[in-house]
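Dear colleague,

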Amino acid sequence: MKCIVDKLRIQQRLAPEEYRTLLTMRDPQDVDYLMTQAREVAQQQFGRGIYLRGLIELTNVCRNDCLYCGIRRSNGHVLRYTLTREQVLACCEQGYEIGFRTFVLQGGEWGEERSTWIADLVSDIRTRWPDCAITLSLGEHPRETYSLWKEAGADRYLLRHETHNERLYSLLHPEGLTIRHRLQCLDWLKKLGYQVGTGIMVGSPFQSLKSIVEDIQYLVDFRPHMIGIGPFIPQHDTPFARFPAGSVAMTARLYAVLRLAMPSALIPSTTAMASLSPDGRLRGILAGANVVMPNLSPEDNRKQYALYDNKAALGAESAQGVKGLADELATIGYHIDWSRGDHPNKKQAE
Ligand code: SAH
């Protein structure tokens, strides 16, 4: 087993069966070796600093109907909201005071008629906080819209591919949404010069190990700047309410494999990790993750952005709780790195 881990560290790529071996190996010593190697690589790149991103959940209004997601269009139990421009700017202001230098605007997917409103908002943030990175995570849009937002001042875009397997993609999404179009969007974003983040949910209904291996291969080929991966967690008002949650251990193992394959990638230990397990966030970092995204949304709206049940948005998962987060990181010898935390190759189209 160790030789496969060593091979991945050196060659940064493996054959499908070898990825499968790393994802299924059971000997705790082997797993520990994988994690130690991944941590070593992360520390070579980033030291023991963890970058922060302030997550602003702009809206839970969504035109899509993804079967796993709590804010899907057909969920009638959601109290819909959209933050006002003033609310978003107040979140940024509060975040900036605390020390955040990246703001992530995430939300449901809107029609193109509101794209200029978003562009104006991005441009306001860009003008007021020129030293901050602006990340958008607002779903699929035409190339022109992504371009408009880039021109307005956005630097990064997060769009998980969710799964690279066409059949599984169609089981998780309503008719009309395709992996082909999702990947097209990711290509546009990269060509437009965004730092691009993509990734998957782990343990979603119908997912197989084979499809996870396909996802690793896609990620290794696409070379995103950021890799967002979290366990699936059921939401009680969705068609997937009765499916079991994904595993923190498998997600951590994927962080480790991807860290070895892509040493300089930005890999968050995601909110879903922290939501499933009290030590989920730290387990992600111990597997080579180097980013945490605390919640900066107005507190009243947080419970309405319920992508899944029991989503963590308080304590160390909230912007106001960074002191607690710093303490938590200190227990494993890590600290907050307050810089913008760009990808080292942001200028270079990879
Ligand atoms: N509308 C945007 C943002 C989606 S929310 C977009 O389409 O990209 C961000 C991520 O949350 C999604 O990409 C998905 O991977 C994750 N997510 C949604 N529902 C989830 C659930 N039930 N469990 C775990 N993660 C979920």
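Helices here are DSSP runs of H or I with at least four residues, and strands are runs of E with at least two, numbered from the N terminus.

This is a predicted model, in which local features need pLDDT of at least 70 and side-chain atom pairs count only at pLDDT 80 or more, while totals for chains, interfaces and linings use all residues. Residues are numbered from 1 along each chain as its sequence is written, and side-chain values use heavy atoms, with hydrogens and water left out.

Helix 8 comprises 13 residues, 179-191, and spans 18 Å from its first C-alpha to its last, close to the expected 18 Å (1.5 Å times one less than the number of residues). Its buried residues (under 20% relative accessible area) are Ile-179, Arg-182, Leu-183, Cys-185, Leu-186, Leu-189 and Lys-190. Seen down the axis of helix 8, these residues fall within an arc of 150 degrees, so they line one face of the helix; the arc is taken from the directions from the helix axis to the C-beta atoms. The partners against which they pack include helix 6 (143-152), strand 6 (195-198) and helix 9 (209-222), with contact meaning heavy atoms within 4.5 Å. Just after helix 8, Gly-193 adopts a positive phi of about 95 degrees.

Pockets were also identified. A pocket is an open set of points on a 1 Å grid over the protein atoms alone, with protein on both sides within 12 Å along at least five of seven lines; lining residues have an atom within 4 Å of a point. Volumes are the space filled by probe spheres set on the points, which are joined across faces, edges and corners.

The largest pocket has a volume of about 190 Å³. Among the residues lining it are Leu-23, Met-35, Arg-39, Met-250 and Arg-283. Helix 3 (28-46), helix 10 (248-261) and helix 12 (280-286) each give two or more residues to this lining, and helix 10 provides the largest share, 4 residues.

The second largest pocket holds about 160 Å³ of space. Its lining includes Glu-299, Arg-302, Tyr-305, Asp-309 and Leu-314.

Yours sincerely

Key:
Buried means under 20% relative accessible area, exposed over 50%, partly exposed in between (1.4 Å probe, protein chains only). On a 1 Å grid over the protein atoms alone, a cavity is a set of points where a 1.4 Å probe fits but cannot get out, and a pocket is an open set with protein on both sides within 12 Å along at least five of seven lines; lining residues have an atom within 4 Å of a point.
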